[in-house]
Amino acid sequence: MLILTLRTDKPEAEIGLFEDENQIGYTVWQAHRQLAETIQTEIEKLLQKQGGKLQEIQGIIAYQGPGSFTGLRIGLTVANALAYSLQVPIVATGSDNWISVGQKSLAAGNDDHLALPNYGADPHITTQKK
């Protein structure tokens, strides 16, 4: 099973490709404020390095937090959109060993259908100024 992993909770974003439990590719880059502009390009570059295509992904593991509000929002939106469009299972986890937990969850046939963020606290939403 070809699995894509995404972690976007901090300025350094991470994506990985795994064949079941075996890592076949991994990229970390300084995404910071360019995450929305760079994440899809980085996924494509990682797949190309491995000779793979987006349509070959069979499962997605997403880091759900806690972490940056904007980073998690962007990363989980991309992960959910890919899972939906490719019609593959998605699991979200926030543990220290999030990839292995996610791999075991996918192997057990689990599918969260929608990866939801855990920000670690309620978001600080300001009121609109008049």
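Colleague: Which strands does α2 lie across, and at what angle to β4 does it run?

Modeller: Helices (DSSP H or I, at least four residues) and strands (E, at least two) are DSSP runs, numbered from the N terminus. Angles run from 0 to 180 degrees between N-to-C directions, with axes fitted to C-alpha atoms, for helices over the stretch in contact; contact means heavy atoms within 4.5 Å. Here α2 lies across β1, β4 (59–63) and β5, and runs at about 170° to β4. Helix α3, residues 98–107, also packs on the sheet, touching β1, β2, β3, β4 and β5, and its direction makes about 145° with that of β4.

Colleague: What are the conventions behind these values?

Modeller: This is a predicted model, in which local features need pLDDT of at least 70 and side-chain atom pairs count only at pLDDT 80 or more, while totals for chains, interfaces and linings use all residues. Residues are numbered from 1 along each chain as its sequence is written, and side-chain values use heavy atoms, leaving out hydrogens and water.

Colleague: In what order do the strands stand in the sheet?

Modeller: Two strands pair if DSSP finds at least two bridges between them. In this model 5 strands form an open sheet in the order β3-β2-β1-β4-β5, with mixed pairing. The edges are β3 and β5 (90–93); each has a single partner strand, so one side of each has no neighbour in the sheet. On average, neighbouring strands of the sheet are turned by 15° against each other, direction ignored.

Colleague: Which pairs are parallel and which antiparallel?

Modeller: Start with β1 (residues 2–7) and β2 (residues 12–19), which pair in the antiparallel sense over 6 bridges; Ile-3 has Phe-18 of β2 as its bridge partner. β2 and β3 also run antiparallel, joined by 8 bridges, and Gly-16 stands opposite Tyr-26 in β3. These two strands form a hairpin with 2 residues between them, and Asp-20 in the turn has a positive phi of about 55°. On the parallel side, 4 bridges join β1 to β4, where Leu-6 has Ala-62 as its bridge partner. β4 and β5 are likewise parallel, over 4 bridges, with Ile-61 opposite Val-91 in β5.

Colleague: Is β4 buried or exposed, and where does Asn-22 stand on that scale?

Modeller: Buried means under 20% relative accessible area, exposed over 50%, and partly exposed in between (1.4 Å probe, protein chains only). In β4, 5 of its 5 residues are buried. Both faces are covered: Gly-59, Ile-61 and Tyr-63 lie on one side, Ile-60 and Ala-62 on the other. Asn-22 counts as exposed because its relative accessibility is 54%. Asn-22 lies in strand β3, residues 22–30.

Colleague: How much space lies in the largest pocket, and which residues are closest to its centre?

Modeller: A pocket is an open set of points on a 1 Å grid over the protein atoms alone, where a 1.4 Å probe fits, with protein on both sides within 12 Å along at least five of seven lines; lining residues have an atom within 4 Å of a point. Volume is the space filled by probe spheres set on the points, which are joined across faces, edges and corners. About 150 Å³ lies in the largest pocket. It has 13 lining residues, and His-32, Leu-35, Ser-68, Thr-70 and Gly-71 are the closest to its centre. The elements giving two or more residues to the lining are α1 (35–49) and α2 (69–86); the largest share, 3 residues, comes from α2.
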